[in-house]
Amino acid sequence: MAAAMRFWRKLHAMPWHARWLVKWAAVGLSVLAVTYPYPHLLVRNVLRWRNPNAMIEPNAAKLRPMLDELRQRIDPSLAPPDVLRQVEKYVCRRIEYAWDWDTWGVADYLPTVEETLDAGREDCDGRAVVAASLLRGLGYRADIVSDFAHVWVQTDQGETMS
């Protein structure tokens with residue numbers, strides 16, 4: 001208790017701008033600790049968001065059964081926009097929507113195809129990773145795009161998961 005009081009007195013003896021810097025740093029660290037109680041997921045997430053298209057894995061072993069099923073379901077004469085809709089419906093049926101907080105225990109997380117399929121639920125970013133992987137497996141050029149609110153898939157034939 002005495003050490004805390006000494007710190008408090010030293011803090012208030014500092015110039016106002018230094019006090020505010022220390023206080024804002026404490027608030028920032030508190031928010032970070034609450035939103036990312038698992039720091040390894042924060043590091044992984046930051047690294048993955050540097051290049052989200054690296055998460056697209058059309059050859060992932062756990063994706064193979066889904067890709068085979070889609071190939072059987074999709075008529076080869078189907079127009080590309082209809083294929084995109086079919087893939088979107090398929091992914092939405094197979095992967096339940098759930099916030100990252102509920103699935104991973106953190107505010108935001110960009111999972112791999114395998115992590116998403118193992119969890120069986122994900123929000124827009126995990127669903128987009130799976131959809132882009134499926135589309136690449138079907139021969140489409142697919143990329144992950146995002147803004148601050150949503151993640152979806154852009155192909156040369158249009159967008160899906162939007």
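## A first look at the sheet, the cores and a helix pair

The model is predicted, so local features need pLDDT of at least 70 and side-chain atom pairs count only at pLDDT 80 or more, while totals for chains, interfaces and linings use all residues. Residues are numbered from 1 along each chain as its sequence is written, and side-chain values use heavy atoms, with hydrogens and water left out. Helices (H or I, at least four residues) and strands (E, at least two) are DSSP runs, numbered from the N terminus.

**The sheet**

- Three strands make an open sheet in the order β3-β4-β5, and their pairing is antiparallel; two strands pair if DSSP finds at least two bridges between them.
- β3 and β5 (158-160) are the edge strands, each pairing on one side only.
- From one strand to the next, the twist averages 35 degrees.
- In general, the strands of a sheet pair through backbone hydrogen bonds, either parallel or antiparallel.
- Five bridges join β3 to β4, and the bridge partner of V145 in β4 is W152.
- The hairpin from β3 to β4 runs through four residues.
- Between β4 and β5 there are three bridges, and T155 has G158 in β5 as its bridge partner.
- β4 and β5 also form a hairpin, with two residues between them.
- β4 is mostly covered, as four of its five residues are buried; buried means under 20% relative accessible area, exposed over 50%, and partly exposed in between (1.4 Å probe, protein chains only).

**The nonpolar cores**

- A nonpolar core is a set of buried Ala, Val, Leu, Ile, Met, Phe, Trp, Tyr and Cys residues joined through side-chain atoms within 4.5 Å.
- The largest one has 31 residues, of which L63, V87, V91, V130, L134, L135 and V153 touch the most other members.
- At least two residues of this core come from each of α4 (64-73), α5 (80-94), α8 (124-137), β3 (142-146) and β4 (151-155).
- Helix α8 gives the largest share of this core, eight residues.
- Another core, of five residues, lies apart from it and includes Y36, W104, V106 and Y109.
- Beyond its neighbours within four places in sequence, V87 is in contact (heavy atoms within 4.5 Å) with L70, I74, A131, L134, L135 and L138.

**M55 and S133**

- M55 sits in the loop between α3 (39-49) and α4, and M55 is buried, with a relative accessible area of 8%.
- Setting aside neighbours within four places in sequence, M55 touches R48, L110, P111, T112, V113, V129 and S133.
- M55 and W152 are 97 residues apart in sequence and 13 Å apart in space, C-alpha to C-alpha.
- S133 belongs to helix α8 and is buried, with a relative accessible area of 0%.
- With neighbours within four places in sequence again set aside, the contacts of S133 are M55, I56, E57, P58, L63 and V113.

**Helices α1 and α2**

- The axes of α1 (residues 2-13) and α2 (residues 16-35) come within 7 Å and cross at roughly 130 degrees.
- Axes are lines fitted to C-alpha atoms, for helices over the stretch in contact, and angles run from 0 to 180 degrees between N-to-C directions.
- α1 and α2 are therefore oblique to each other: angles under 35 degrees count as roughly parallel, over 145 as roughly antiparallel, 65 to 115 as roughly perpendicular and the rest as oblique.
- F7, L11 and H12 of α1 and R19, V22 and K23 of α2 make the contact.
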